[in-house]
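Welcome! Take a moment to look over the sequence and the model, and then let us walk through a few of its features together.

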2 protein chains.
Amino acid sequence: MDLKQDLQVRIDEAFSAIRFPDKPADLYDPITYTLGLGGKRLRPLLVLASCQMFGGETADAINPAIGIELFHNFTLLHDDIMDAAPLRRGKETVYKKWNSNVAILAGDTMFALANKYMLRTRPQAISRVVELFNQTAIEVCEGQQYDMDYEKRDDVTIPDYIEMIRLKTAVLLAASLKTGAIIAGAGTTDCDFIYRFGINIGLAFQLKDDLLDVYGIQEKFGKVSGGDIIAGKKTYLYLKALESSGLQAEAFRKLYSSHDIDSPVKVSRVKGIFNELNIELHTRKLIDNYYQKALQELSGISLPVEAMELLREYTAVLMEREN
Amino acid sequence: MDLKQDLQVRIDEAFSAIRFPDKPADLYDPITYTLGLGGKRLRPLLVLASCQMFGGETADAINPAIGIELFHNFTLLHDDIMDAAPLRRGKETVYKKWNSNVAILAGDTMFALANKYMLRTRPQAISRVVELFNQTAIEVCEGQQYDMDYEKRDDVTIPDYIEMIRLKTAVLLAASLKTGAIIAGAGTTDCDFIYRFGINIGLAFQLKDDLLDVYGIQEKFGKVSGGDIIAGKKTYLYLKALESSGLQAEAFRKLYSSHDIDSPVKVSRVKGIFNELNIELHTRKLIDNYYQKALQELSGISLPVEAMELLREYTAVLMEREN
C-alpha cells in the first residue's frame, strides 16, 4: 500500500501545482473551486498504477492523469446543470453557486485544458492517448444522454441500464488504465486486456455505488441515504425488483416513481420490497460476477502476477468498501 | 477564384460524408441539425488555403479543417444557450428546438469529435496542431466570458472590447491559418506571421460585422437590422460614440441601454447620434487599420507574393463585403 500512497501524493502535488489565470474571474474561479472540492482522484491513480505496472515512467503519465481528472470534473460540472443537482461532495455545485452559464463555460474550458494535459506525454503515445481520450469523452456523453432518456422511459431493461453505466462510468475507468498502458508502451493485446478489466471493474464499481446508496453505512458527506429511491432513479436494484415483482410490478413502479410520498416513508417502503425480493443479494452477485470477469481479464495480461499486485489490491479495496 | 471554389467543394464534400450514429437520437440529431444549417465555413477554408500556400497537401489538412468548424459550431451551440438566442442562420437554435440540456451535451460531444478530427493529420504535426487547437479553445471561452461580463459592466473601454473580440473571434481565425501552416511544415517565423495576419484580419472582420449590423444592406437571412443597438450590445461603434459624445454621454448611455423604447425608434435615434459623431467613418478607419496591419504581417512571410495571392484575394473579398 506504500506504493499507492506514493502515487496519491504525486497526484495531489501535481494538482496543487496547477495555477490558473486571475481573469476572467467567473471563468477560472469555478474551476479552482471545483478542483478544490477534491474527490477520490481514482482515475489518475489508475493511470499511474497501470503505467507503472507495465514498466512505464510515472513522469510520462502524470499530466494525462491530471487531464483525465479534469475531464471527469468537467462532466460533473455539466451533469450537475442537467440533473439540477444542488450539492456535490457536500458543497454547492457550480451552477448553484454561480449560474448555469458560468458552469457551461467553465466546463468547456476544463475540457480544453484536459486535452492540453493529455498531450504532455511521450511523443510516440500522444496520438493514441488523445484519440482514446476523446472517443471516451464521446461515449461518456452518450451515457449521460441515455441516463436522461431513461428518466422519461418506462421500458428500460437491465441490459439497457448496464449499457448506460458502461458508457457513463466504466469507459472512463477503462480508458484511464489503458492510457497508462499506452504510455508505458504496452502491446495492443495487453492494452485490450487492461481496458476490459477496467470496463468490468467499472460496472462492478457503479453497481456497488447503487447498492450502497440503499444499503451502505450512510456516513459519506454530501450523500443522502436512499437518494436514488427518493429520486426514482432506474438503477439495477429497481429494475431487478421490477422484474421480480410479478403481479405487483405496476404498484411497485407507481410507488417508486412517486414524488408525493414523504421521503423516509418512500425509502422504507421500497427497501421493504427490495428486502422481500432479495435484491441486495442479487446485486451483490452481479457485482461479484463483474469483479470475477475483471480478474479474468487481468490474468490474461503478459506480466508476472507480482507486477499486478498493486492494481489487484487497489481494486479489491474499491470492491470491499461498504460506504 | 477557381482554387477557392475547389477548396470549398472539398470542404462541403467532407462535411457531407460525415455520418453520426442513430442513437442516442437526442445527442446526435442536434449535431446533424447544426451542421445542416451550413454557414460560410470560413475557418476550414482558411486552414486549407494556408496549408496549400505553404506547399502542404490538402488531404493532410481536411480533417483538422473539419475539426475547427465542428469546434466553431460547438461554441455557437453553447453561446446560444448563454445568450438565450432563439435564432441562428434563420433557424431555431438547438436550445430552443430541443432544450438547454440537449444543447449542452450535444455541444460537449462536438468538442470531443472536433479533437478527434484534429488528430487526423501528419504525425509530425499532431502535437502542435492539437495544442494550438485547445489553447485557442480556452481563449475563445475567455472571450465569451468577457463578452458576458461586459453586458453587466458600465466601464468597458475600447481596448477591453478589442481584447474581447480578439479572444472570441480573431484567435480562431488565426489558429485556422496557423494550423494549415503547421501541417504544411512551415517554419516557426512563418507560422507566427500567418497567425498575426489572422488576428488582425479577425479583428477587422468582427469590426466589419459590427459595422454592417448598423450600416449593412439588411438582406442577410436570420439577422435583424440594428440588432446590436436593440440589444444594447457594447460594440466598438457604441464605445466610440460614448467616448465622443462629451456632455451627452450619460443621456446616450441611457438611451442605448434602454429596453423600453420601441425598437425601430431606438435604432433610428442611436443611428442619428452615430451619424452626428461620424462613427461609421471612425469604424471604417479602424477596420482599414487592422487590415493594413494584416497585410504587413503577410508580407513578412518567406513566400513569393504569387503564392499568397489566393489568401490575399479571399481576405480582400471578406473585407469588401457590405452585407
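Helix α15 (residues 309-320) of chain A has 12 residues and reaches 16 Å from its first C-alpha to its last, close to the 16 Å expected at 1.5 Å a residue. That expected span is 1.5 Å times one less than the number of residues. Helices here are DSSP runs of H or I, at least four residues, numbered from the N terminus.

Buried in α15(A) are Leu310(A), Leu311(A) and Thr315(A); buried means that 20 or more other C-beta atoms, placed from the backbone, lie within 10 Å of a residue's own, while exposed means 12 or fewer and partly exposed in between. Seen down the axis of α15(A), its buried residues fall within an arc of 120 degrees, so they line one face of the helix. The arc is taken from the directions from the helix axis to the C-beta atoms. On the face turned away from the buried side sit the exposed residues Glu309(A), Ala316(A), Val317(A) and Glu320(A).

## About the model

This is a predicted model, in which local features need pLDDT of at least 70 and side-chain atom pairs count only at pLDDT 80 or more, while totals for chains, interfaces and linings use all residues. Residues are numbered from 1 along each chain as its sequence is written, and chains are lettered from A and ligands numbered from 1 in the order in which they are written.

## Where the chains meet

In chain A, 33 residues are in contact with 33 residues of chain B, contact being C-beta atoms, placed from the backbone, within 7 Å. The largest share of chain A's side, 16 residues, comes from α7(A).

Methods: Two residues are in contact if their C-beta atoms, placed from the backbone, lie within 7 Å. Helices (H or I, at least four residues) and strands (E, at least two) are DSSP runs, numbered from the N terminus.
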